[in-house]
Amino acid sequence: MTQPQQRVYQAWKGDNRFFFGGRLIFGPDVKTLGVSVTLIVVPVAFFCVFVARHLRHRFRAYDAGYAILVMAVVYTIYVLLLLFVTAGQDPGIVPRASHPPEEDIHYDDLSLTDTPGRLQFPRVKEVIVNGMPVKVKYCETCMVYRPPRCSHCSICNNCVERFDHHCPWVGQCIGKRNYRYFFLFVSSSTVLCIYVFAISALYIKFLMDGDYPTVWKALKHSPASLALMVYCFISIWFVGGLTAFHTYLISTNQTTYENFRYRSDGRPNVYDQGCLSNFQEVVFAKIQPSKHKFQAHIQEEVQAPPANGAGEVDDLVGGPRAKVGDDLDIDGDLLKISQRHNHGDIDIEMGGGNTN
C-alpha cells in the first residue's frame, strides 16, 4: 500500500508552525500572539464597559454617544485583523535549493599527500543595484546566494527577502510581503491608544462638570478611567515610538536590520529614491505572491546531469583525488607487469629459466 504523498508544509525545513492545512504560516513563537491579543482586547473591553457605556446618552443629537462605543469595537476588530494578517502569512521566504549552485563549485588545490578535496564556494558576490555594487552572501543553510536586503532569521530558520526584524509580539518575521501590514498594525494601535485615552479623559471631564467637581472625586468615582489613561499613556510611548521610527525608515527606504547594522559603517543607502517614491514602494506597491505553495504536493526532483563533463555523483563524493589514486594504482600494476617481462627476457638471453 502506497503512502500518501506529503505536502510542502508537512516536509517544511524551517521552524514555522502551520495551521488549517498549510493555509496559515506562523513563526515558532506563535504563542506570544495570544499575549498581544490580550493586551489589546482586555483594555478595550474595560473601556466599553466602564467608560463608553456611560457616554451613550451624553450626546443627544443623532444618538452620537453610541458612535463612541461602536467606533471602539469596530476599530479594535480592524487592528486585530491587521495583527493576524501580519502574523499568518509568508513574510517573503526565499526558496531553499536542494544542492549548492554548480556553477560556483571548485575544489581545493590537489596534492598527493593531502586529504580529499572539499567543495568550495565564494562566500560573497557583488551585484549591481541602482548602479552601485552591493555584496550578497551565500547561505549555507538554504544553499542559495541571498538576494539584496535578504537575511537569514535564526528564529524561523529561513532566508527572508527585505528582512526587517523578527517581531516577538507578532510571532513572525517582518519582511517584504508583510511589512506594510505590520506598519499599519503599529500605527493603528497608536491611534486606538490615543482614542481610548482621549475618551476616558472626556468622561472624567463630564464627571467634574456634574456631581464630582474635583479631579480626585471624579477619578475616585471612575478608577477604570484612571487605569485606562495610565495604560494608554505607557502604550503610546511604545507603539507610538515604533510608528515614528518606521515612518522614518520608510521615508529613507531602510530596514531595521540595515539601520542598526550599517549605521556605524557609513555606507551609502543605494535604495533611497526620495521620500515620496519610498512611501509609494513600501505602502502602495503591489505585493508579490508567495514563492511557496504550501498546500501543494511535493514533486520528486529530477537531478540534472553534471555540467561540462565535471564527473558523476561519485566524483563529487570522492573528489578528483579519487581519480588520481586510481591512476596511481593502474600505473603500479603496469610497472609490476613490465618488471616481470624484463626478468623473463634476462632469463632467455642467459639460457635459463622458463621461456614461457
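Student: Is Asp209 buried or exposed?

Tutor: This is a predicted model: local features need pLDDT of at least 70, side-chain atom pairs count only at pLDDT 80 or more, and totals for chains, interfaces and linings use all residues. Numbering starts from 1 along each chain as its sequence is written, and side-chain values use heavy atoms, with hydrogens and water left out. Buried means under 20% relative accessible area, exposed over 50%, and partly exposed in between, using a 1.4 Å probe and protein chains only. The relative accessible area of Asp209 is 53%, so this residue is exposed.

Student: Which residue meets Asp209 in a salt bridge?

Tutor: A salt bridge puts a side-chain nitrogen of Lys or Arg within 4 Å of a carboxyl oxygen of Asp or Glu. Here the N to O distance is 2.8 Å.

Student: Which helix holds both Lys205 and Asp209?

Tutor: Helices (H or I, at least four residues) and strands (E, at least two) are DSSP runs, numbered from the N terminus. The two residues are 4 apart, about one turn of the helix. Both lie in residues 179–209, helix 3.

Student: How many salt bridges does a search of the whole structure find?

Tutor: Arg149 with Glu258 is another. The search of the whole structure gives 4.

Student: How many residues apart in sequence are the parts that Arg123 and Glu140 tie together?

Tutor: The closest N and O atoms of this salt bridge are 3.4 Å apart. Arg123 sits in the loop between strand 4 (119–120) and strand 5 (124–129), and Glu140 in the loop between strand 6 (132–139) and strand 7 (144–145), so the pair ties together parts separated in sequence. Arg123 is partly exposed at 39%, and Glu140 is exposed at 57%. The separation of the parts is 17 residues.

Student: How many residues apart in sequence are the parts tied together by Arg149 and Glu258?

Tutor: Their closest N and O atoms are 2.9 Å apart. Arg149 belongs to the loop between strand 7 and strand 8 (151–153), whereas Glu258 belongs to helix 6 (residues 256–262), so this pair also joins parts apart in sequence. Arg149 is buried at 14%, and Glu258 is buried at 11%. The separation is 109 residues.

Student: How many residues line the largest pocket?

Tutor: Glu258 is among the residues closest to its centre, with Val134, Lys135, Tyr262 and Arg267. The lining divides into 13 nonpolar, 5 polar and 8 charged. Ala, Val, Leu, Ile, Met, Phe, Trp, Tyr, Cys and Pro count as nonpolar, Asp, Glu, Lys and Arg as charged, and the others, Gly among them, as polar. The lining holds 26 residues.

Student: Which element gives the largest share of that lining?

Tutor: Helix 6 is among the elements that supply at least two residues each. The largest share is 6 residues, from strand 6.

Student: Which residues contact Asn178, leaving aside neighbours within four places in sequence?

Tutor: Asn178 lies in the loop between strand 11 (172–174) and helix 3. Asn178 counts as buried, at 0% relative accessibility. With contact meaning heavy atoms within 4.5 Å, the partners are Thr86, Gln89, Pro91, Gln172 and Cys173.

Student: Where does Arg162, with its positive phi, lie?

Tutor: Its phi is near 45°, a positive value in a residue other than glycine. Arg162 is buried, at 11% relative accessibility. Its place is the loop between strand 9 (158–160) and strand 10 (165–167).

Student: What percentage of the residues in the chain is buried?

Tutor: The chain has 9 helices and 11 strands. Its length is 356 residues. The buried share is 36%.

Definitions and conventions: 1 Å grid on protein atoms, 1.4 Å probe; cavity = no way out; pocket = protein on both sides within 12 Å on 5 of 7 lines; lining within 4 Å.
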